[in-house]
Amino acid sequence: MLCESWRAKLDTYLDGELPEEEMRTFDAHVRGCPSCSSDALMRVQRKRAIHVAGKRFAPSAEFRKRVQRSIAAKPQRSLSMGWMLAAAVAVMVAAGVLTSTYVGTRSGRNRVFSEIADLHVETLASSSPVDVVSTDRHTVKPWFQGKIPFAFNLPELQNSEFSLLGGRMTYLEQTPGAHLIYDVRKHHISVFVFQERSLRAKLDENSLSPKNLPFNMETWSQGGLRYFVIGDASAADIDSLAKLFKAAS
Amino acid sequence: MSGVSPQSESFEALAMPLFDQLYNFAHWLTQNREEAEDLVQETYAKALKGFSSFQLGTNFRAWMYRILRNTFLTSRTGLKAASTVPLDSQEDGPELAVENENPETILMRSSDSGVVQSAIDGLPVNYREVLLLCEVEEMSYQEIAETLSIPIGTVMSRLSRARKALRDGLRPKFQRG
């Protein structure tokens, strides 16, 4: 297929709206085609810029109160009506809370995953992706001291196919964290580490299954820290690196 | 003994978490704070009134956005804005341009939200709304189709045109520096 044919669907692909089978075929093409991957990167940056710029207006507290008062539950005159609808209240309020919680959590979760993917892509596209360039974990780990408000362990990579390229500071949802870059068979993998409590509101532990991402990703919580491992390497490689981190922590 | 209206209580629990994002969307549509407040207030009043017709389990967010948008379209500002939108017949064809390094992409990376905001402001209202629902609200195409009451195919072609129009709008801004 010519690149023009792929490009026609590139935005749909980045919106995560292609059928599952087509998403996989697209993944394979974008990874192997410098022209399409460069094009995809530009579009991801544009999506990110619009996302940030689009959150522009906030309502005043006074206006919020005014609307809330206007829709707030009012005392009822009819007691019998209240009893008749008591069961409905319980069901509807529960459903309301569940629905709004689900919608809010899903939206927040997707945003976190999408931002992690963006951070990974943007960093690799940068001319200086890492601030501390070293393959030695004993150099990289101390570099973060004083820069981020927590400590973490880096795995021993001897007898593994992974190599450490370096690290940098990063931010997710206004939270500082560590970003490490590893290499495996010419694929780059990002590992992000943040404090779990800073992201807990955005992530639902029971349904952490990122979907529609053009990368493989694993995430878990351990010792109060939230880890993300993401990259275009195989799911098995992502899993292997995740296991090394889990064993080191 | 006094009770509360079950309808109001459940509506409030569902609707208030959407308040900030609905207001942001309303302000983008009206481009005016007072009109945005009127629009949001009217949306909540209409939604509360029609809440008995809303089926729990269906998409409440799309339902609220649809009310807000329909209310906007019947307002004076909305009618004026709708009179200048491109026709759907012009909305065929995907965007094929290659996104290589160019002034617009450099600009996008500069994190200058003001410039991007100004370009979004300059879009016709039907492009602005579909772009915001996709990129800011992160709605699925299905959800956007429900909100705008248009087929998914039209969502895709309109989104494509909106993205192209935004790029075109950013170029002169970059050239002016």
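1. Over all chains of this predicted model, a search of the whole structure finds 25 aromatic pairs. In one of them, the ring centres of Tyr182(A) and Phe245(A) lie 5.8 Å apart and the ring planes stand at 90°, so the pair is edge-to-face. This pair links distant parts of the chain, for Tyr182(A) belongs to strand E4 (residues 175-184) of chain A and Phe245(A) to helix H10 (residues 235-248) of chain A, 63 residues apart. Both Tyr182(A) and Phe245(A) are buried.

2. Ring pairs also build a cluster that includes residues of both chains, among them Phe63(A), Phe11(B), Tyr23(B) and Trp63(B).

3. Two lysines of chain A deserve mention beside tryptophan rings. Lys147(A) is placed over the face of Trp143(A), 4.3 Å from the ring centre. Lys246(A) is placed over the face of Trp220(A), 4.8 Å from the ring centre.

4. Strand E4(A) pairs with E5(A) in the antiparallel sense, over seven bridges. Within this pairing, Ala178(A) has Val193(A) in E5(A) as its bridge partner. The hairpin of E4(A) and E5(A) has two residues between the strands, and Arg185(A) takes a positive phi near 45° there.

5. Strand E5(A) also pairs with strand E7 (residues 225-231) of chain A, in the antiparallel sense and over seven bridges. Phe192(A) stands opposite Phe228(A) in E7(A). Seven of the nine residues of E5 (residues 187-195) of chain A are buried, so this strand is largely enclosed by the rest of the structure.

6. As to charged side chains, a search of the whole structure finds 27 salt bridges over all chains. One of these joins Lys47(A) to Asp15(A), at 2.5 Å from N to O. The pair links distant parts of the chain: Lys47(A) is in helix H4 (residues 34-54) of chain A, whereas Asp15(A) is in the loop between helix H2 (10-14) and helix H3 (20-32), 32 residues apart. Lys47(A) counts as buried because its relative accessibility is 17%, and Asp15(A) is buried with a relative accessible area of 17%. Both belong to a network of salt bridges that also includes Arg43(A), Glu135(B) and Arg163(B).

7. Other salt bridges lie within one helix. Arg66(A) and Glu62(A) form a salt bridge, with the closest N and O atoms 3.6 Å apart; both residues lie in helix H5 (residues 61-71) of chain A, four residues apart, about one turn of the helix. In helix H10 of chain A, Lys243(A) and Asp239(A) are likewise four residues apart, and their side chains meet in a salt bridge of 3.0 Å, N to O. Lys243(A) counts as exposed at 51% relative accessibility, while Asp239(A), at 24%, counts as partly exposed.

Technical notes
Residues are numbered from 1 along each chain as its sequence is written. Chains are lettered from A and ligands numbered from 1 in the order in which they are written. This is a predicted model: local features need pLDDT of at least 70, side-chain atom pairs count only at pLDDT 80 or more; totals for chains, interfaces and linings use all residues. Side-chain values use heavy atoms; hydrogens and water are left out. Rings of Phe, Tyr and Trp (its six-membered ring) pair if their centres lie within 6.5 Å; planes under 30 degrees apart count as stacked, over 60 as edge-to-face and the rest as tilted. Buried means under 20% relative accessible area, exposed over 50%, partly exposed in between (1.4 Å probe, protein chains only). A charge sits over a ring if NZ of Lys or CZ of Arg is within 6 Å of the ring centre and within 35 degrees of the ring normal. Two strands pair if DSSP finds at least two bridges between them. A salt bridge is a side-chain nitrogen of Lys or Arg within 4 Å of a carboxyl oxygen of Asp or Glu.
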